[in-house]
Amino acid sequence: MNSIPIEVYLSESFGLDDKHASIKPIGSGHINTTMLLSTPKRSLVVQKLNTVVFPKPQLLVDNARLIEQHLSKKQQVGEFNLAIVRHVATTQHDYLVNNNDDTWRALEFIGGSYSEDVVNTVSQAQTAANAFGQFAAALEDFDANKLHAVIPNFHNLAMRAEVFKQVINTDPHKRVAHCQEEVDFCLSQFSLIDELNALAGKVPIRVCHNDTKINNMLFCLDSNDAKAVIDLDTCMPGYWLNDFGDMVRTFCSAEQEDSTALEKVGVREDIFAAIVKGYVEPLKSVLTAAEKQSFWLGAKVMPFMIGLRFLTDYIDGDNYFSIKHERHNLDRAKNQFALYRDIVSKQQVLKAMLTQI
Ligand code: ADP
Ligand code: MG
Ligand code: MG
C-alpha cells in the first residue's frame, strides 16, 4: 500500500509539477471515477477505470488510441472538426498506471466546454446527435474489426434474452412473482431478435460509439456548439442503429430512466425529429438504404434491451446496476418498457420522420 497522495502520484506519473497539484471531481459519469488534476501550468482529466465493467483496461486504451489517431489524420486534412480527447502518456511511455490496485489513465482536458446530463431543448438534441454523426462519419473508413470487443456481446439482444431466460428459470431471489407481468411482456417481444437477425449481411458493420448519451459529448461554453465526442470506452464494431437507438432512448423521454411517473414517460416527437436531422446530416452520403431502414428497429430495440437488462438484474438480485432501493431495477425496467411501448404506439409518425432521410 503506498500512501503518497493520489494527486502527487498521478502528477509524477504523467510528468506534471507534483508540488503544486490539486485534484477534484469533474462531470457525472457513472462508470469510471473522473477527476480534474490541475497544476498552475496544465490540467489533465484523470480517470480511475472501473475494472469490474472493464476487466482488461488495456483493450479499451488500445481501441481509443487507434480511434484518436484516425481522427487526428482526418482533422489535419480538415475532414473532422471536433476536438479529440487524446490519451496522455506517462513518463514511462505507457498509458495506464497502477496505484494500490487501482488503474488510472489521463486524457487531455478539453477546456471551454461543458456537458449536460439531460436533454432540455430541441437544439441540444440536434447538436449532440450531429456530433455523434460527425464522429461516425469520420470513422466510416476505419476498419471496425481492428477494435477489441471490450465488452463482448454488449448489444447482443439474443444473448441478453438467453441470460434472461436462465435467470427466470432459476429465480434465485424468488422475485419473478413480483414482476410476472413484465416477464411475460418481455417473452412476448422476442420477435425483435428475428428482426435483428434478418439484418445480418445486409446492414454494414460500423464503428459504433455504443454510449451515445448527452453527457458523452461536450458543448462549447461560448457558442453552445458541439465541441467533442468523449467517452470512447465502448467503441466497438456494430450497427449504427444501436447508436441511433440509444440517442432515442436517452434523449427523447422527459423523465429520468428510473422515474416511476410512467404516465409521463414517452417520446418527445420534436426531440426524435432533431435526432434524425442532426445524426443523418453528416452521414447522408454514407448511409445505405438498408441502414436507413434499420434505424426504426434501433429506436425500438435499445429501450427494450436496456429494460430487459434491468429486469434481468432485478430478478438476479441486483448484481450489475447499482441500486438505491430494493425495487430500483424493476422501476427502471418498467420505465424503459413504458418508453418502448410509447415508441411502438407512435410508429406511424416516427417512421414517417425516418423515411424523409
Ligand atoms: P464515464 O465513462 O464514467 O461515463 P466519461 O469519460 O464520460 O466517464 O467522463 C465523465 C464526465 O467527465 C463527462 O461527462 C464530462 O463532463 C467530463 N469529462 C470527461 N473527459 C473530459 C475531457 N477530456 N475534458 C473535459 N471534460 C471531460
Ligand atoms: Mg460517460
Ligand atoms: Mg464510459
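**A buried helix and its neighbours**

Reply: Happy to! This is a predicted model. In helix α7, the buried residues are Trp-240, Leu-241, Asn-242, Asp-243, Phe-244, Gly-245, Asp-246, Met-247, Val-248, Arg-249, Thr-250 and Phe-251.

Me: How many of the residues of α7 are buried, and what do they pack against?

Reply: The count is 12 of the 12 residues, so α7 is largely enclosed by the rest of the structure. Its buried residues pack against β7, β10, α3, α8, α9 and α10.

Me: What span should α7 have, and how far apart are its end C-alpha atoms?

Reply: The helix has 12 residues, and at 1.5 Å a residue it should span 16 Å. This agrees with the distance between its end C-alpha atoms, which is 16 Å.

Me: Are α3 and α7 roughly parallel or roughly antiparallel?

Reply: Their axes come within 12 Å and cross at roughly 165°. Angles over 145 degrees count as roughly antiparallel. Therefore α3 and α7 are roughly antiparallel.

Me: Which residues of α3 meet α7?

Reply: On the α7 side, the contact involves Trp-240, Asp-243, Met-247 and Phe-251. The residues of this contact divide into seven nonpolar, no polar and one charged. From α3 come Ala-125, Ala-129, Phe-132 and Ala-136.

Me: How does α4 run relative to α9, and is the crossing left-handed or right-handed?

Reply: The axes of α4 and α9 come within 10 Å and cross at roughly 25°. That makes α4 roughly parallel to α9. The crossing in which α4 passes α9 is left-handed.

Note on methods: Residues are numbered from 1 along each chain as its sequence is written. Chains are lettered from A and ligands numbered from 1 in the order in which they are written. This is a predicted model: local features need pLDDT of at least 70, side-chain atom pairs count only at pLDDT 80 or more; totals for chains, interfaces and linings use all residues. Helices (H or I, at least four residues) and strands (E, at least two) are DSSP runs, numbered from the N terminus. The expected span of a helix is 1.5 Å times one less than its number of residues. A residue is buried if 20 or more other C-beta atoms lie within 10 Å of its own, exposed if 12 or fewer, and partly exposed in between; C-beta atoms are placed from the backbone. Two residues are in contact if their C-beta atoms, placed from the backbone, lie within 7 Å. Axes are lines fitted to C-alpha atoms, for helices over the stretch in contact, and angles run from 0 to 180 degrees between N-to-C directions. Angles under 35 degrees count as roughly parallel, over 145 as roughly antiparallel, 65 to 115 as roughly perpendicular and the rest as oblique. A crossing is left-handed if the near helix is turned anticlockwise from the far one by less than a right angle, and right-handed if clockwise. Ala, Val, Leu, Ile, Met, Phe, Trp, Tyr, Cys and Pro count as nonpolar, Asp, Glu, Lys and Arg as charged, and the others, Gly among them, as polar.
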